[in-house]
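Me: I'm new to this one and would like a close look at a single part of it. Could you walk me through the pocket?

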Amino acid sequence: MPSKRFSKLDTAKQRQILEVAGLEFSTHGYDAASYNQIIAGAGVSKGAMYYYFEDKADLYATVLRDCVTRFLVFLGPLPEVESATGFWMAVEEMYVRGMRFYEIDRTAIGLTRSLAGAVVHGDTAAPIAELREVTEAWMAGLVATGQRLGAVRTDVPTDLLLAVAVSVSDGIDLWLARHIDEMALDDLEAFSKQFVDLYRRMAKPTEPR
């Protein structure tokens, strides 16, 4: 977690540091990213940077959390729906909107790609675990709403269903990171409907026999 000193910086300076760091991690991945390049680009001294963050992994965690937070704000809440069909339509619309975030913020693509390499490094275990907590909390809310509306199955343990859903999400993100540079927005929106169909097929209530 960044220190309280970082949170006391003016917003413009916080954004400058996070954007410079985000671009470096996005371009080079966690391991090859240069902490010194980030410090120089952010226009702060090395002492000041260690004043704000414990180390490179702490900064990486902060950048990831910031990206995910901005993504969830961009998505907004699931609209009020009253049926299982309405639920899946709303999820599909939300996923299509999420693809537009990747068009607007290309750094997010590289950060997603960076996770594939970072996951094998012990020093990034904590930031990735923290990121997973945010993702799981959001997904848990979606699952609970879907179950309430009869759109999501209740015949398996919820934590198992959630684990599978998060794994599907991880797989989609990594696939997108490899292919998104080749796709136009129309392609992304078409694929997003297929992604939601994967969730629907996995999560829908089983038909009575």
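By class, how many nonpolar, polar and charged residues does the lining of the largest pocket have?

Reply: Happy to. Keep in mind that this is a predicted model. The lining of the largest pocket has 32 nonpolar residues, along with four polar and three charged ones.

Now for the space itself. The largest pocket holds about 910 Å³. There are 39 residues lining the pocket, and F71, T135, S169, D170 and D173 are the ones closest to its centre.

The protein is built from 10 helices and has zero strands. Its C-alpha trace spans about 65 × 35 × 30 Å along the principal axes. A compact globule of 209 residues would have a radius of gyration near 17 Å, and the protein's value of 19 Å agrees with that.

What about the chain's contacts and its surface? Of the contacts with a separation of 6 or more, 69% join residues 24 or more positions apart. Buried residues make up 42% of the 209 in the protein.

Methods
Residues numbered from 1 in each chain as written. Predicted model: local features only at pLDDT ≥ 70, side-chain atom pairs only at ≥ 80, totals over all residues. Heavy atoms only, no water. 1 Å grid on protein atoms, 1.4 Å probe; cavity = no way out; pocket = protein on both sides within 12 Å on 5 of 7 lines; lining within 4 Å. Points joined across faces, edges and corners; volume = space filled by probe spheres on them. Nonpolar A, V, L, I, M, F, W, Y, C, P; charged D, E, K, R; others polar. Helix = DSSP H or I, 4+ residues; strand = E, 2+ residues; numbered from the N terminus. Rg over C-alpha atoms; globule rule 2.2 N^0.38 Å. Buried < 20%, exposed > 50% of the residue type's maximum accessible area, 1.4 Å probe, protein only. Contact = heavy atoms within 4.5 Å.
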